[in-house]
Amino acid sequence: MNSKALALYQKDFHSEMRTRYAVNSLAMFVIVAVSVILFSIGNETITQSLTAGLFWVVIFFSAMSGLSRAFVSEEERGTTLALQLVAAPSTIFSGKLLFNLILVFCMNVVITVLYSALFDSFAVKNFALFAVSFFFGNAGLAIASTIIAAIISKAGAKGTLYPVLSFPILLPLILTSVQLTLMSFEGSTFLDAKFELAIIICYDIIMLTASYMLFDFVWKD
Amino acid sequence: MAWKIFLFILLTFVCVAGIAFPIVPVPTKWYEFPFIPGLKENAKIIFFHVPTAWLSVIAFLMSTIYSFKYLKNKNLDDDAKSYAAAQLGIIFCVLATVTGAVWAKFAWGSYWSWDPRQTSIFALLLIYGAWFALRSSIESEEKRAALSSVYSIIAFVTVPFFVFIMPRIMKGLHPGSADDTNSGPVVDFKMNANMELVFFLSLIGFTILYFWMWNIGYKSIIYKDKINKQIRG
């Protein structure tokens, strides 16, 4: 992470603040998704395992609706060539990853607050475990979606292909995160969850390494 | 030519032996398989289902190796090899899913029960599907080869999570799961020597068959590209 990556992040941040396109559409998407789930549940009380699953369903689809913007917007505005001239591929990836990480964290904090306010079964007993798994889950989500977004921006069909390509890549992360969220509801200790935590941390490290190594080939035409 | 005849004899033997050899409580003759509690006659699927599942992973591995090679050398022939491997891989993956589901109907009572193995083969199917969807969305040959190579490698690094880690830490119904006590873990075979022999012969036979099909497949893709270029240029 160097100053150029930070500058790229600031550029994205400012252009986002000017239109607030991604933030607004993401916020609306989250509200719509949560309310659809609330309507479909009605007056039923749902189990904690179902709540943990639904929590990650909303996170996955919200991420899919917002995170592809990072690279697709550069392609749409035709600024890819300029970026290729001013910075090394790994720098570009760092900047975009930083932006997506912050976007994912803000989005998921909002989703968590909404869930804990609206669902009685969303009761976290072991908050430290929830926070740690939330952190690593979000990091993995941001890393994998950033590299897939880079692939998508270079491919022809942009909108529909993104969730299709991301889902198999994110599946181990989502399955483990659902388990971890459920464990934090049940009040499991860190020792109980050590396998799941190990999987999720391995996933983050493997994805980060692979993304940095492969981004060069996606970025250069 | 000789190896083709050898392969024919090998696969014929495997098919006949796998289907026709009887399962008895105490095997005495060379052609009798042992009775495995919990699997019964259903155990015979191992001669056909395991090779297809094995090949769907091998095909994916080869597809990724040739993707690696493509990114290194930028030779479109490597992309054709990777594509041919993936084409065969999806066929074997579907075969493994279907044979497994039919077997599950008789062994577990339902076609699909989200056992960790079923989840992982489903994820592998999704990866193959996404990979072909990505390839079909890109016009330019070089771009298609580069992007699909990158996706193939990224997908491949997640495969160990599905194939090796999850089925072993999650409890499941499949023989070889973490809590499997009666029907024999994959690592520790409960088959007798002749059953193991037929099983490994089947694995070898299907693997040779795969490499033969792959060889024909990638050559036909390369020739098709050449002819297309000559017609256009």
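## Basis of the model

Residues are numbered from 1 along each chain as its sequence is written, and chains are lettered from A in the order in which they are written. In this predicted model, local features need pLDDT of at least 70 and side-chain atom pairs count only at pLDDT 80 or more, while totals for chains, interfaces and linings use all residues; side-chain values use heavy atoms, with hydrogens and water left out.

## The interface of chains A and B

Contact, meaning heavy atoms within 4.5 Å, joins 27 residues of chain A to 26 residues of chain B. The buried area between the two chains is about 2,300 Å², and carbon and sulfur atoms give 88% of that area. Buried area is the accessible area (1.4 Å probe) that two parts lose on being put together, summed over both. Pro168(A), Leu214(A) and Phe217(A) supply 22% of what chain A buries against chain B, more than any other three residues.

Asp12(A) belongs to helix 1 (residues 3-19) and Lys96(A) to helix 6 (residues 89-118) of chain A, so the pair ties together parts that are 84 residues apart in sequence. Helices here are DSSP runs (H or I, at least four residues), numbered from the N terminus.

## Helix 2 of chain B

Helix 2 of chain B (residues 49-73) has 25 residues and should span 36 Å at 1.5 Å a residue, which agrees with the 36 Å between its end C-alpha atoms. The expected span is 1.5 Å times one less than the number of residues. Just after this helix, Lys74(B) takes a positive phi of about 55 degrees.

## The lining of the cavity

The residues lining the largest cavity include Phe55(A), Trp56(A) and Ser133(A). On a 1 Å grid over the protein atoms alone, a cavity is a set of points where a 1.4 Å probe fits but cannot get out, and lining residues have an atom within 4 Å of a point.

Key
On a 1 Å grid over the protein atoms alone, a cavity is a set of points where a 1.4 Å probe fits but cannot get out, and a pocket is an open set with protein on both sides within 12 Å along at least five of seven lines; lining residues have an atom within 4 Å of a point. Helices (H or I, at least four residues) and strands (E, at least two) are DSSP runs, numbered from the N terminus.
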